Amino acid sequence: MKKTAFKAAALLLAAAAFFKFIMAGYGFLALVLCAFAAAAVLLAVLPLKLKKILCVLMALWFIVFLAAEICVIRDSEGQNNAEADYLIVLGAKVNGTVPSKSLKYRLDTAIRYLDAHPDCKAVLSGGQGADEAMSEAECMYRWLANQ
């Protein structure tokens with residue numbers, strides 16, 4: 001049993017490393033996979049009473065996480081019932097000098113809104129990470145200016 005738990009933990013940690021270092025924007029998923037790896041090891045070595053407590057805590061965490069995700073997904077479309085004077089576009093990862101997939105989706109949505117509302121002004125936000133050639137705001141400005 002312990003051997004299987006340690007193999008499962010190693011596999012979860014390998015998946016976490018893949019999502020953290022290979023896939024951009026999946027850091028939270030990597031963190032969750034690390035937590036599951038730790039839980040797998042703990043479930044293999046803890047006494048029965050502590051295993052039950054750990055399982056209850058994991059179930060509660062999952063319920064809270066699921067409830068939060070349902071709220072986020074349900075409200076992700078936003079509300080189109082008002083015209084805004086300003087549109088704030090939040091930054092996301094920049095790959096060199098080009099927007100990441102996530103940032104490109106935000107820019108595509110912004111361009112559609114700005115085309116439909118020509119008097120609206122865009123506020124571009126986002127700093128520069130250590131692995132980015134320029135700030136997210138600068139990347140967005142260049143991308144929008146070339147559209």
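A salt bridge is defined here as a side-chain nitrogen of Lys or Arg within 4 Å of a carboxyl oxygen of Asp or Glu. The structure is a predicted model, in which local features need pLDDT of at least 70 and side-chain atom pairs count only at pLDDT 80 or more, whereas totals for chains, interfaces and linings use all residues. Residues are numbered from 1 along each chain as its sequence is written, and side-chain values use heavy atoms, with hydrogens and water left out.

Under the salt-bridge criterion, the count comes to three. In one of these, the side chains of Glu138 and Arg142 meet at 2.8 Å, N to O. Both residues lie in helix H5, and because they are four residues apart, about one helical turn separates them; helices (H or I, at least four residues) and strands (E, at least two) are DSSP runs, numbered from the N terminus. Glu138 is partly exposed, with a relative accessible area of 31%, and Arg142 is likewise partly exposed, at 43%; buried denotes under 20% relative accessible area, exposed over 50%, and partly exposed the range in between (1.4 Å probe, protein chains only).

Helix H4 holds another such pair, Lys104 and Asp108, four residues apart and thus separated by about one helical turn. The N to O distance in this salt bridge is 3.1 Å. Lys104 has a relative accessible area of 33% and is partly exposed, as is Asp108 with 22%.

A further salt bridge joins the side chains of Lys93 and Asp131, at 2.6 Å from N to O. Lys93 occupies the loop between strand S1 (86–89) and strand S2 (94–95), while Asp131 occupies the loop between strand S4 (121–124) and helix H5 (136–145), so the pair ties together parts that are 38 residues apart in sequence. Lys93 is partly exposed at 27% relative accessibility, whereas Asp131, at 56%, counts as exposed.

Lys93 also takes part in an interaction through its backbone. The backbone oxygen of Lys93 lies 2.8 Å from a polar atom of the Ser100 side chain, a polar contact being a pair of N or O atoms within 3.5 Å (within protein, one must be able to donate a hydrogen and the other to accept it, and residues adjacent in sequence count only if both atoms are side-chain atoms). Ser100 is placed in the loop between strand S3 (98–99) and helix H4 (101–116) and is buried, at 6% relative accessibility. Not counting residues up to four places away in sequence, Ser100 touches Ala92, Lys93, Val94 and Asn95, where contact means heavy atoms within 4.5 Å.

Five aromatic pairs are present in the structure. Rings of Phe, Tyr and Trp (its six-membered ring) pair if their centres lie within 6.5 Å, and planes under 30 degrees apart count as stacked, over 60 as edge-to-face and the rest as tilted. The ring centres of Phe18 and Phe19 are 5.4 Å apart with the planes at 75°, so this pair is edge-to-face. Phe18 is partly exposed at 40% relative accessibility, and Phe19 is partly exposed at 21%.

Phe28 and Phe65, by contrast, form a stacked pair, with 5.9 Å from centre to centre and 20° between the planes. This pair links distant parts of the chain, as Phe28 belongs to helix H2 (residues 27–45) and Phe65 to helix H3 (residues 48–74), 37 residues apart. Phe65 is partly exposed, with a relative accessible area of 27%. Ring pairs connect Phe28, Phe36, Trp61 and Phe65 into a cluster.
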